[in-house]
Amino acid sequence: MAPNQVDSQYYLLLAAALFCIGMFGVLVRRNALVVFMSIELMLNAANLTFLAAARDRMDSNGHLAALFVIAVAAAEAAIGLAIIIALFRNRGTVNVEDIRTMKY
Amino acid sequence: MDWTAVFTKSLANPQAMSASLWLIIGLPAFGALLCGVFGRLLGRTYVNLVACASVLASFILSLFAFQAVSVPDRSVVVTPASNGVAQLFAMSSDYGVWFSAGTFTARYGLWVDHLSATMLLVVTGVGFLIHLYSTAYMEHDEGYGRYFAYLNLFMAMMLTLVLADNLVLLFVGWEGVGLCSYLLIGFWYTDAANAWAGRKAFIANRVGDCAFILAMMLLVLTVTAYSKAPGNDPPAITFASRRILWTRAVSGDPGPLNFQVLEEFARYLPADIATGSKGILDVPIPNGPLAGRTYGHTLTAIFLLLLLGAAGKSAQLPLYVWLPDAMAGPTPVSALIHAATMVTAGVYMLCRMSPLLVMSPTAMATVAMVGAITALFAAVLAFAQNDLKKVLAYSTISQLGYMFLAVGVGVFWAAILHLVTHAFFKACLFLSAGSVMHGNDGELDIKKLGGLRKEMPWTTACFFIATLTITGLVPLSGFFSKDDILHGALGAKLAGYGWVGPTVYVLGSIAAVCTAFYMSRAYLLTFTGERSKDAKVPHAHESGWVMVAPLVILAAFSLLLIPHGWPDLVKIPIGPPETLMQMFLSTVFRLAEGMASKAHTLLPEAESSPWPGFGVALVLAWLGGGAAWVLYKRVFPARAGKPVPGFFAAVHSFTEHKFYVDEAYDVVYSFIKYLSIGLFRVVDEGLIDTVAVGGTAFVTSKVGSALRYIQTGDAQTYAAMMAVGLLCGVGYALFEALVK
């Protein structure tokens, strides 16, 4: 490993931190839009993990997986935003605590 | 054209004929499909046409097949008669393997020899006449398509039974005719009694069929054990030694239940002085599940089981109870299925197996005794029946008893001859009864008929001729066929069962007196005297020619078959003169006779003239007929209005209630019924329904309704749950990693 390069475990620690922040956001924030952004954060944490692994293993499989995750995240963003807009038009709110009709 | 060629050369090309044997079955089956599926579309006229034409075509093909195997066509005789066994004129056709498992194989093979050719003619001939009759009889019935579909299907199945060259394919036909019988007994199923009668027939037959299947399994085990034993030649079809064949490539293993294989197997059984073999009847079976039991004992078991199977199909004791109730079906069905053809299947099957049957004197004696007791028992039951069809039903059981008697004492040809004559005269009687019903608005109570002689002359004449035939008041065909049986019984000496022959002769002779009595009674009450005051319609009308013509043809056959049973008609090169039928069927049965004398199971009878016995039989018939005439024309009319004497009343009540057999069966049946009800309540309703099925549903629903409160609808709660799950997973992984 070249001396001026960052050690891989720091990438992994950063990814874990990002994931935890994202998960915290998903669990505690009430605004659906922010929850959504937190999910993106978690996906990118996963991306970072893949890339770190790819760097370690000196191959491109990780990059491939990350590209897939980005594509899925893009699709998810499109559909998710559409759902949130539709929700807002119907109910006038995007607060996830107010939307709990699917229960016992 | 030289017409004498009919008696010397085969009219049809033998190869082509044997290749098209399947058409004999296929045409009625196709007719059944057309009538059943497109019956409504075709309409009554075309259904009648299809049904009758397919059976007629079958009949014509059967005629060609019969002619081909009957003529001594020297141009196709391959091997002259050798080693003292008669040549078998036969043709066969093989259509490949049906199924095979391990060493067991069953093939689609058809086989026509003199025995099956005779059966073919009877089945298709009587069948066609009854199809023709049915077109008139069912002209007011809406279910004509269904009716003719069933009837055609029955023909196909019966022909499969007759043509099959192995026991498995025979069993297909056996079950098929049982199914059609059930469908046709319950044809008017809207009346619950008819549906119940159908079920009764079906269930009584199941008991027999169960025994049949067991017998087949035992037979497979026995033959397989023999072929596998070291030093034995496996019994294969070795036609070359003795017979001509017009055969289509039987290549490969014919399977252990092929009739030819069974015949070959039978040849190994008895001791043979010529080859020096000691026979294997008393040798224990060396291997397989039957190891340790001798071949002879196994054969006895097999044939006792087969007898039970035959008793179910042919309505013998103890399984006869379904046949009288089977009269619930349309009358032509009673004539075709429950008199002429299907019920004789048991006799045919036992005759097919004759080379093996004669190896077991115990089984032979049982068959003879069952037949003789049934013949007498059913004849007595017929005394007090007032329903004309019921009288005929008991009469059928009784006559089938004679055929079993003949099989049991080893006069197989007489059994088949009686089968043939019975098919004609009993079909004639039943169709006449149908004609009486047709002309009297469905009335069948002989006490409420009477005097039909003037109003229905043709029906009366045919019924009269058939009555004479069955009773033997005048020596017509039925007289000779029955008394050939009794003559054979008197001369038969079964090894170890010497008493059987004379016993069955006495029982059969008493049954003959009873037959003359009840048939004369039925005829006198129905057709002579004055019309009853209780009659449904004031005047009966004669049926149309479509119904009368079959009657006349059938009655004519009662006369035409006289030479077949006339004793000592044919002089043969070796041995005493034979009857025509005996000579004709000797190609099939001489093997069994030869085997019996080799094995000393059936000792050769001392030759005696049959004529004295015939004289006795004639006197007995007149005794029975005379008694009926005195009672029903003199004694009872003279005492009209007065109470019946105690003795007659007691006899009448006892026989009218059929010796309380149905009631006795009910007791046995009730036991099984309540046992089943108990098992049903505890096991089915209690354990399976309540505990297993209901319990699962109960637990699931209770757990579900308790757990549903977890479902809050809050997505973040769910996410938290997942996070906790993830945490647990990660924690576990870390724990594993740290501990290791």
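Here are some friendly notes on this predicted model, going from the two chains to their contact and then to a few local details.

1. **Chain A overall.** Chain A has 3 helices and 0 strands, and along the sequence its pattern reads α-α-α. The C-alpha trace spans about 55 × 25 × 25 Å along the principal axes. For a compact globule of 104 residues one would look for a radius of gyration near 13 Å, whereas chain A comes out at 17 Å.

2. **Burial and contacts in chain A.** Of the 104 residues in chain A, 13% are buried. If you take the contacts between residues at least 6 apart in sequence, 46% of those in chain A join residues at least 24 apart.

3. **Chain B overall.** Chain B has 27 helices and 5 strands. Its C-alpha atoms fill a box of roughly 110 × 75 × 55 Å, again taken along the principal axes.

4. **Burial and contacts in chain B.** Here the buried residues make up 50% of the 740 residues. Among contacts in chain B between residues at least 6 apart in sequence, 80% join residues at least 24 apart.

5. **Where the chains meet.** Chain A gives 10 residues to the contact and chain B gives 11 residues. On the side of chain A that touches chain B, the residues divide into 6 nonpolar, 1 polar and 3 charged.

6. **A helix pair in chain B.** Do have a look at helix α4 (residues 114-137) and helix α16 (residues 412-439) of chain B, which pack at an angle of about 5° with their axes 11 Å apart. Angles under 35 degrees count as roughly parallel, so α4(B) is roughly parallel to α16(B).

7. **The residues between those helices.** From α4(B), the contact is made by L115(B), T118(B), V122(B), V126(B), I130(B), Y133(B) and Y137(B). Facing them from α16(B) are I416(B), V420(B), A423(B), A427(B), L431(B), G434(B) and H438(B). Sorted by class, this contact of α4(B) with α16(B) has 11 nonpolar, 3 polar and no charged residues.

8. **M58(A).** This residue is not a glycine, yet M58(A) has a positive phi of about 60°. You will find M58(A) in the loop between α2 (32-57) and α3 (61-91) of chain A. Is M58(A) buried or exposed? A residue counts as exposed if 12 or fewer other C-beta atoms lie within 10 Å of its own; M58(A) has 6 other C-beta atoms within 10 Å, so M58(A) is exposed.

9. **A315(B).** Chain B has a residue of this kind too: A315(B) is not a glycine and has a positive phi of about 55°. A315(B) sits in the loop between α9 and α10 of chain B. Is A315(B) buried or exposed? The cut-off for a buried residue is 20 or more other C-beta atoms within 10 Å; A315(B) has 31 other C-beta atoms within 10 Å and is therefore buried.

10. **A cis peptide in chain B.** Please also check the peptide bond from L317(B) to P318(B), which is cis, with omega near 5°. P318(B) is found in the loop between α9 (295-313) and α10 (322-325) of chain B, and A315(B) has its place in the loop between α9 and α10 as well.

Methods: Residues are numbered from 1 along each chain as its sequence is written. Chains are lettered from A and ligands numbered from 1 in the order in which they are written. This is a predicted model: local features need pLDDT of at least 70, side-chain atom pairs count only at pLDDT 80 or more; totals for chains, interfaces and linings use all residues. Two residues are in contact if their C-beta atoms, placed from the backbone, lie within 7 Å. Ala, Val, Leu, Ile, Met, Phe, Trp, Tyr, Cys and Pro count as nonpolar, Asp, Glu, Lys and Arg as charged, and the others, Gly among them, as polar. Axes are lines fitted to C-alpha atoms, for helices over the stretch in contact, and angles run from 0 to 180 degrees between N-to-C directions. Helices (H or I, at least four residues) and strands (E, at least two) are DSSP runs, numbered from the N terminus. Angles under 35 degrees count as roughly parallel, over 145 as roughly antiparallel, 65 to 115 as roughly perpendicular and the rest as oblique. The radius of gyration is taken over C-alpha atoms; the globule rule is 2.2 Å times the number of residues to the power 0.38.
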